[in-house]
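Visitor: I have a structure to look through, and I like to know what stands behind each label. Could you walk me through it?

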Amino acid sequence: MLPLTKVIPKAMLPVHDRPCVQWIVEELEAAGIKEIIFITSKGQESVQEYFTHKTWYDEELEARGKTEQAKRLEAIRNLAQFHFVEQPEPLGDGHAILQARSLIGSDESFLVIFGDCLYSGDEVIRKMKEAHEQTQHSIIAVQEVEPEEAQNYGIITTKTDSDLFPIDSMVKKPAPDLPTGLPAVVGQ
């Protein structure tokens, strides 16, 4: 998505009438998640500004009597309690998650959601939360991908077709010459 993503974080790219990450935050809020930790990197300051800061723009709307628009911006800031942690260098997803360890209790469950990925299906986050509460195990949402696209995703294999199943193996972005038929995507 370059050169656009040189100046706009992928999470802030618009999808219909709001940034991608707002759709995700709204789904988290609908699933009862009231505390959200963003792990950001250099150049993603706009994510924090979008969710937490009252800016000159809010004040301008209020001064012009556009209270409905100002209330919409305030509602975004009130979707959850937001925390922001910066990952100083891009050392992978695991390293990014470790940056938030001081904000997550040692026995506390948490979700990892990528801010630039919208998931198809209805209420995916709520269903994942319920599945975790039911099983007390880690849950990964997956979707099928075409074999030629497998190299772009983390791929899992399993021996069953049920909604909840154990993972047999996982490969992050397999080489194109690996055997095909891997059924599901874990994430980018």
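Guide: Happy to; we will go from the chain as a whole to its core. Please keep in mind that this is a predicted model.

Visitor: What makes up the chain, in helices and strands?

Guide: The chain has six helices and seven strands. Starting at the N terminus, their order is β-β-α-β-α-α-α-β-α-α-β-β-β.

Visitor: How do you know which residues of the chain count as buried?

Guide: The label goes to residues under 20% relative accessible area. In this chain of 188 residues, 26% count as buried. The accessible surface is about 12,900 Å², and carbon and sulfur atoms hold 52% of that.

Visitor: Why is a set of residues called a nonpolar core?

Guide: The largest one here has 18 residues, and Val21, Val25, Leu28, Ile36, Phe38, Phe51 and Phe82 touch the most other members. At least two residues come from each of α1 (20–30), β3 (35–40) and α2 (45–52). The largest share, five residues, is from α1.

Visitor: Which residues does Phe38 touch, leaving out those up to four places away in sequence?

Guide: Phe38 touches Val21, Val25, Val47, Phe51, Phe82, His83, Phe84 and Val85. Contact means heavy atoms within 4.5 Å, so each of these residues comes within that cut-off of Phe38.

Definitions and conventions: Residues numbered from 1 in each chain as written. Predicted model: local features only at pLDDT ≥ 70, side-chain atom pairs only at ≥ 80, totals over all residues. Heavy atoms only, no water. Core = buried A, V, L, I, M, F, W, Y, C linked by side-chain atoms within 4.5 Å. Buried < 20%, exposed > 50% of the residue type's maximum accessible area, 1.4 Å probe, protein only. Helix = DSSP H or I, 4+ residues; strand = E, 2+ residues; numbered from the N terminus. Areas by Shrake-Rupley, 256 points an atom, 1.4 Å probe, with all protein chains shown as cover.
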